[in-house]
Amino acid sequence: MPFLSITTALMREQADVFGDLLMEEGAISVSVVDADEGTPAERAIFGEPGATSGLWDRCQLTALFMDGADGVEAMWRVAAHLDIETLNFAQSTIDDTDWVRENQAQFPPIQVSDRITIVPTWHEASNHAKDAINIILDPGAAFGTGSHPTTRLCLQWLETHLGRYQQPQVLDYGTGSGILAIAAIKLGASDAVGVDIDPAAVEAAAYNAQQNHVDIKFSTTDRPLQYVADVTAANILANPLKVLAPLLASHTREGGALVLAGILDEQSDDIIAIYRPYFDLAVWRNADGWACIAGRRISAQN
């Protein structure tokens, strides 16, 4: 069955409500991406909590309609409702199998390092080296598919440092998709626990662990956490990380390691200062404006 695909460019304040109204007009799906993707104007939107918008300044919206549905008229009705007088869009007809293939083509395997590859289920693992680690993971509702620099930085840190600990226990706080906990087990951790504020993320993480044939305990933050880790990883954002310093310290063994990500380069000094009573931290590596901070728990008494 063919579908009608319509794509248009909108400003940030228009895109979200425009998509909602298109769904009411009969669109079967709406996606929004950065209109400046692949250009120097591209920017990440993993902003701090409390940000006014979760969209880009210029958005590219694509709506899919069933064949025969009047998608063009729906576009104009929504534009009129929002007092948008000029609307430029492109339309095309795609086959249903092409739609699936086109969607999957957006998510190829991600080579994190020479050793670690993140592989969606519709791809075959391509890294067959003896020490290769292929993490089976589909894009989904939870953050952490390896496409963002913060996730890759954490994975690279784990690959580089986890072997220094004898069968370490790992805490993945803000686990999202569960990717860091899964990688930790595959890298030799004896045990891993993943914690997240979002029940949907915990459910997704448990499913991903099952797909990778690893045994990991996942729970939400509203449940008591009785766990002290040799290595604690938290790939969240700077503001929540500031609040979490005492808690992460309480769950990290003296002499154990902490790795933090989700931190913009210019936020690094503030995070290091806040964690100084508990950890000796420094910037380990940077990528695309993001910093990975890591170091050692200095005193379990703090």
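Trainee: Where does Pro149 lie?
Mentor: Pro149 lies in helix H4. Keep in mind that this is a predicted model.

Trainee: Is Pro149 buried or exposed?
Mentor: Pro149 counts as buried, because its relative accessibility is 9% and the cut-off for buried is under 20%.

Trainee: What does Pro149 touch, leaving out residues up to four places away in sequence?
Mentor: Pro149 touches Ala287, Asp288 and Trp290. Take Asp288: its C-alpha atom and that of Pro149 are separated by 6.9 Å, although the two residues are 139 apart along the chain.

Trainee: Which side chain does Asp288 meet in a salt bridge?
Mentor: The side chain of Arg152, at 3.9 Å from N to O. Asp288 sits in the loop between strand S13 (279-287) and S14, while Arg152 is in helix H4, so the pair links distant parts of the chain, 136 residues apart. That is, the pair links distant parts of the chain.

Trainee: How many salt bridges does the structure hold?
Mentor: Six. Side chains of opposite charge can pair when their charged atoms come close. Asp57 is in the loop between S2 and S3, and Arg12 is in helix H1 (residues 12-24), 45 residues apart.

Trainee: What is the relative accessible area of Asp57, and of Arg12?
Mentor: Asp57 has 39% and is partly exposed. Arg12 is partly exposed as well, with 29%.

Trainee: Which parts does the Asp230 and Arg253 pair tie together?
Mentor: Asp230 lies in strand S11 and Arg253 in strand S12, so the pair joins parts that are 23 residues apart in sequence. The N to O distance in this salt bridge is 2.9 Å. Asp230 counts as buried, at 17% relative accessibility, whereas Arg253 is partly exposed, with 34%.

Trainee: Changing topic. What is the strand order in the open sheet of four strands?
Mentor: S2-S3-S1-S4, with antiparallel pairing. Strand S2 (29-34) and strand S4 (89-95) are the edge strands, and each pairs on one side only. From one strand to the next, the twist averages 25°.

Trainee: How many bridges are there between S1 and S3?
Mentor: Nine, with strand S1 (residues 2-11) and strand S3 (residues 58-66) pairing in the antiparallel sense. For example, Met11 has Arg58 in S3 as its bridge partner.

Trainee: Which helix packs on that sheet?
Mentor: Helix H2 (residues 71-81), which touches S1, S3 and S4. The direction of H2 makes about 25° with that of S1.

Trainee: On to the inside. Which residues touch the most other members of the largest nonpolar core?
Mentor: Ile135, Leu155, Trp157, Leu162 and Ile216, out of 37 residues in that core. Several elements each supply at least two residues of the core, among them strand S6 (116-119), strand S7 (133-136), helix H4 (149-161) and helix H6 (199-211).

Trainee: Where does the largest share of this core come from?
Mentor: From H5, with seven residues.

Trainee: Back to Leu155. What is Leu155 in contact with, leaving aside neighbours within four places in sequence?
Mentor: Leu155 is in contact with Val112, Ile116, Ile118, Ile135, Ile179, Leu180 and Ala183.

Trainee: How many residues are in the second, separate core?
Mentor: There are 24, including Leu171, Ala234, Ile272 and Ile293.

Trainee: Now the overall numbers. How many helices and strands does the protein have?
Mentor: Eight helices and 14 strands. The protein has 302 residues, and buried residues make up 45% of them.

Trainee: What about contacts between residues at least 6 apart in sequence?
Mentor: Of those contacts, 67% join residues at least 24 apart.

Trainee: And what does the accessible surface come to?
Mentor: About 15200 Å², and 49% of that belongs to carbon and sulfur atoms.

How values were computed
Residues are numbered from 1 along each chain as its sequence is written. This is a predicted model: local features need pLDDT of at least 70, side-chain atom pairs count only at pLDDT 80 or more; totals for chains, interfaces and linings use all residues. Side-chain values use heavy atoms; hydrogens and water are left out. Two strands pair if DSSP finds at least two bridges between them. Axes are lines fitted to C-alpha atoms, for helices over the stretch in contact, and angles run from 0 to 180 degrees between N-to-C directions. Contact means heavy atoms within 4.5 Å. A nonpolar core is a set of buried Ala, Val, Leu, Ile, Met, Phe, Trp, Tyr and Cys residues joined through side-chain atoms within 4.5 Å. Buried means under 20% relative accessible area, exposed over 50%, partly exposed in between (1.4 Å probe, protein chains only). A salt bridge is a side-chain nitrogen of Lys or Arg within 4 Å of a carboxyl oxygen of Asp or Glu. Accessible areas come from the Shrake-Rupley method with a 1.4 Å probe; for residues, only the protein chains shown count as cover.
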